[in-house]
Amino acid sequence: MREAFERIVGNRRLRERLCDDVQNGRVSHAYILEGPAGSGKHTLAYQLAAALSCEHRHSLSHPLPCGTCPSCKKILGGHSTDVIVKNRGEKATFGVDVIREIKQDVYVAPNESAAKVYVIEEADLMTVPAQNAFLLTLEEPPAYVLFLLLCESAEPLLETVRSRAPVLRTEPITTDDIDRYLVRESAEAVTLRAQDPTEYTELLAAANGSIGRALTLLDAKERKPILTRRSLARTFLQLCTERKNSLAAVRFLNSMSPKREELCRQLSTLLICLRDLLLCKQTESAPLCFFADREEAVSLAYEFTTPELLGLCDTVQDTLNRLYANANINLTLTSLAVRANLL
Ligand SMILES: [Zn+2]
């Protein structure tokens, strides 16, 4: 098998499919690249753009894209005028004006590459008139053009747009793959991994399948509140298993954020953690969002019955709803502790 799209982490099936399409000249003239923020949509877009113009694209003895020919270097370095990035700029949505620019430019042949690639960021924010104005160009662009519509979800796009562009979905990346990537790409990650393995493992879990998020979390300032949320969720569950350790419960309540917005984030993290435990009760294979280590989740889930976990979910969700509705913070937290049998 030819080495292909090696800079894209995980996503093996997607890489194989695209390699096949490029080699056999079956690349569509438009794709929707769908996936959460930080899941590698931009990397995929640039890799695909490079592959289409790589001087070695037809040589099976070279990786695809080779990454070393002048064309690859230019495109992957972000210096090619044949890769055109379009976004909404300062506006809230993507209007007809952007589509008009594309329409004017699309018939100008690429400067120096085999393909001219339009990377359209946050394509799901395109207004309906813009999408309608785009349809004809999207359907029959010049042969050298590739449109890549990037979005977290293709759902808001018109069916007529979706039917003209196959969806390529980036999959969440496993913690092992994120680990390998960070070790390869970041000296900071290597240091943290060696000096504080527990915190590094927490970072991998908190990245939640996203390389972009993992990179952000390498910054200690970004990481701190997230790791605090995760630690609070664990403490809460630990207290639930201790069945009324009032002193520790009060200490726990005091350690929750006094700021409403952050407190809501802390409780949302707790909900994700509870959801994992519920999943562990029902199935052995569902992907977990909070726990990187399934065994840790399973042994914690073992401490609770399913009705108990459902009850806790309801209680935490209800607490969140009250906080969103501006309820008094201290009172709401005390009520949470009483309802969860901590006090
Ligand atoms: Zn190349």
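Start at the zinc ion: select Cys54, Cys66, Cys69 and Cys72, whose SG atoms are its protein donors, lying 2.3 to 2.4 Å from the metal. Donors here are N, O and S atoms within 2.8 Å of the metal (3.2 Å for Na, K and Ca), and water is not among the atoms, so sites may look incomplete. This is a predicted model, in which local features need pLDDT of at least 70 and side-chain atom pairs count only at pLDDT 80 or more, while totals for chains, interfaces and linings use all residues. Residues are numbered from 1 along each chain as its sequence is written, and side-chain values use heavy atoms, with hydrogens and water left out.

Stay on the zinc ion and look at the angles among its four donor atoms. They run from 103 to 123°, and the site is tetrahedral; four donors count as tetrahedral if all angles lie between 85 and 135 degrees. For four tetrahedral donors the ideal angle at a metal is 109.5 degrees. Along the sequence, the donor residues follow the spacing C-x11-C-x2-C-x2-C.

Buried means under 20% relative accessible area, exposed over 50%, and partly exposed in between (1.4 Å probe, protein chains only).

Next, turn to the salt bridges. The count is 28, where a salt bridge is a side-chain nitrogen of Lys or Arg within 4 Å of a carboxyl oxygen of Asp or Glu.

Select glutamate 122 and arginine 88. They form a salt bridge whose closest N and O atoms are 2.7 Å apart. This pair links distant parts of the chain, 34 residues apart: glutamate 122 sits in the loop between strand 3 (116-120) and helix 5 (128-139), and arginine 88 in the loop between strand 2 (83-86) and helix 4 (96-105). Helices (H or I, at least four residues) and strands (E, at least two) are DSSP runs, numbered from the N terminus. Glutamate 122 is partly exposed at 35%, and arginine 88 is partly exposed at 25%.

Move on to glutamate 202 and arginine 234, whose side chains meet in a salt bridge at 3.0 Å, N to O. Glutamate 202 belongs to helix 9 (residues 197-206) and arginine 234 to helix 11 (residues 220-242), and the two are 32 residues apart. Glutamate 202 is buried at 16% relative accessibility, whereas arginine 234 is partly exposed at 24%.

Then select aspartate 318 and arginine 339, a salt bridge with its closest N and O atoms 2.6 Å apart. Aspartate 318 lies in helix 15 (residues 306-324) and arginine 339 in helix 16 (residues 329-339), so the bridge ties together parts that are 21 residues apart in sequence. Aspartate 318 is partly exposed at 25%, and arginine 339 is partly exposed at 40%.

For a network of salt bridges, select Arg17, Asp20, Asp21 and Arg26, which are linked in one.

Finally, zoom out to the chain. It has 16 helices and five strands, and its C-alpha atoms fill a box of roughly 70 × 45 × 35 Å, taken along the principal axes. Colour residues 12-169 as domain 1 and 219-339 as domain 2; these bounds come from an automatic or database domain assignment. The C-alpha centres of domain 1 and domain 2 lie 41 Å apart. Of the 343 residues in the chain, 47% are buried.

Methods. Four donors count as tetrahedral if all angles lie between 85 and 135 degrees; four count as square planar and six as octahedral if opposite donors are over 155 degrees apart and all others between 65 and 115; anything else is irregular.
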